[in-house]
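Trainee: Can you walk me through this one? I'd like to start with how the chains meet.
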Amino acid sequence: MKPNDRPGTDLLGELVLGRRSTGDPEVLAAFAADPELERRWQELSRTARFLDAASDFEASLFREAREGESTPAADANVGRVLREEAQRPRSPWKPWALAIAAGLLLVAWLAFRGRGEPDPGSTYLGGASGAPLLLEPTGTLDSSAAPAFRWAFVPEPGWEGHCEVVLYDDAGSELLRSGEIREPIRGSTWEWRPTGPTAPSQWIDLARNEAFFWQVSTVSNLGAVTSSAPRQVFLAPSER
Amino acid sequence: MRRQLSSAEETLVPPDTLLVRRVLRRDPEAIELLIQRMKFVPRMLSALNARMGRPLDEHELLDLGQEVLILIWKKLPRFDGKTSLESWGFRVCYFCILNAARKARHRSVVGLGLEADQLTGGSRPDPWEFEAVYHGLDRLSPGESAVLRLKHFEELTFEEIGERLSIPTNTAKTRYYRALCNLQELLSAEEVALR
């Protein structure tokens with residue numbers, strides 16, 4: 001065995017590669033002396049068996065697919081779709097060029113947004129009103145606790161009214177509604193966290209959905225409603 | 001600048017990689033060949049759908065087939081030739097139908113209080129079970145993932161893997177062992193119940 005900075009690694013490697021099955025006395029003795037080595041070997045063997053099971057699964061599906069009935073409509077679809085894609089003009093934009101352009105746009109937007117942010121506690125001055133800008137949550141959520149939903153909204157001077165958050169599923173059914181929110185938490189940033197009568201039971205029900213959408217609307221006292229574009233929220237896979 | 005491959009080097013390139021290169025150059029003959037090969041997509045989707053207890057109806061399956069083909073077309077430049085086009089396409093089919101089935105399940109089954117394991121019938125392997133292993137393979141480095149696939153999915157020996165990847169046999173063994181350790185850690189992190 002070669003020396004190694006991780007004791008047991010070479011030995012385990014040798015075993016995973018099959019020396020144990022040959023009954024090599026040196027290997028068997030080393031294993032008998034070290035229960036940790038045995039435990040690690042069992043883990044790796046299980047992983048290898050899992051890979052074999054995935055392979056069998058894939059092979060059986062290929063068999064079923066080969067033996068499956070011919071579907072002329074689906075076959076025709078294959079030709080139509082791929083020929084259409086092949087005839088589509090190729091974009092002169094390379095992915096890296098698009099990424100750089102998107103990065104520059106983001107930097108410009110952040111700079112512009114920072115400049116327009118009113119001081120905390122000030123009255124709402126300047127900035128265009130219009131659709132509220134959704135800030136958080138934007139990505140994967142831990143479903144064990146209700147998250148804070150944050151958005152930015154800078155009303156026109158003299159505007160009076162409230163914001164509302166609505167959560168709904170991908171079929172457009174409403175899941176949860178915030179009620180009237182009249183005060184920002186700071187500057188132009190507003191927040192709603194499902195609490196009180198809507199949580200935690202409703203939040204837990206909601207968290208069972210793998211993904212849902214949220215949208216903020218501003219409702220002026222004169223009845224004018226402006227809504228953000230809906231945005232999807234994903235839950236952590238381990239929490240589903 | 002990328003140099004042109006000599007004809008001797010071209011012979012070392014897997015045939016599916018050559019086919020994909022010709023398709024990307026819009027060679028009409030290669031495109032027709034690809035169409036013939038990709039006819040496995042609707043059949044594979046249909047087989048997967050049957051395994052999952054038919055969460056998608058005929059029209060949804062046809063729409064999904066179209067989505068999968070467009071996705072395959074977009075991903076073609078990233079095809080690395082480590083597996084056949086069909087094995088590579090299978091992964092796209094698999095993830096797409098799982099996502100579509102989740103949406104369908106969300107619409108119709110979760111509301112009735114049924115669990116995922118009730119969606120599948122019989123004792124055949126449950127398609128949902130292998131999601132973690134495929135995700136894990138995708139998260140490994142391409143070299144490690146290729147060795148695991150060649151060893152377990154194509155059942156090659158280490159000598160054959162070395163030849164296929166142009167690496168010494170011992171390197172193939174070391175890479176296999178390291179890949180298995182890394183995959184095991186990924187699966188443990190996802191708390192997959194290994195069988």
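Mentor: Keep in mind that this is a predicted model. The contact takes in 47 residues of chain A and 52 residues of chain B.

Trainee: What area is buried between chain A and chain B?
Mentor: About 4,800 Å², with carbon and sulfur atoms giving 65% of that. On the chain A side, Phe50(A), Leu51(A) and Phe57(A) supply 16% of the area buried against chain B, more than any other three residues.

Trainee: And how many salt bridges are there between chain A and chain B?
Mentor: The count is 4. Asp75(A) and Arg43(B) have side chains that meet in a salt bridge, at 3.1 Å from N to O.

Trainee: Which helix gives the largest share of the side of chain A that touches chain B?
Mentor: That is α3(A), with 20 residues. At least two residues each come from α1 (9–16), α3 (35–67) and α4 (72–87) of chain A.

Trainee: Switching topic: how many residues are in the largest nonpolar core?
Mentor: It has 77 residues, and Met38(B) and Tyr134(B) have the most contacts inside it. Helix α6 of chain B, residues 85–108, gives the most to this core, 13 residues. Domain 1 (1–121) and domain 2 (126–195) of chain B each provide at least three residues of the core.

Trainee: What does Met38(B) touch?
Mentor: Leaving out residues up to four places away in sequence, Met38(B) touches Val78(A) and Leu82(A) from chain A, plus Leu69(B), Ile72(B) and Leu85(B). Another core, of 15 residues, lies apart from the largest one, and includes Leu134(A), Phe149(A), Phe153(A) and Trp190(A).

Key. Residues are numbered from 1 along each chain as its sequence is written. Chains are lettered from A and ligands numbered from 1 in the order in which they are written. This is a predicted model: local features need pLDDT of at least 70, side-chain atom pairs count only at pLDDT 80 or more; totals for chains, interfaces and linings use all residues. Side-chain values use heavy atoms; hydrogens and water are left out. A nonpolar core is a set of buried Ala, Val, Leu, Ile, Met, Phe, Trp, Tyr and Cys residues joined through side-chain atoms within 4.5 Å. Buried means under 20% relative accessible area, exposed over 50%, partly exposed in between (1.4 Å probe, protein chains only). Helices (H or I, at least four residues) and strands (E, at least two) are DSSP runs, numbered from the N terminus. Domain bounds come from an automatic or database domain assignment. Contact means heavy atoms within 4.5 Å. Buried area is the accessible area (1.4 Å probe) that two parts lose on being put together, summed over both.
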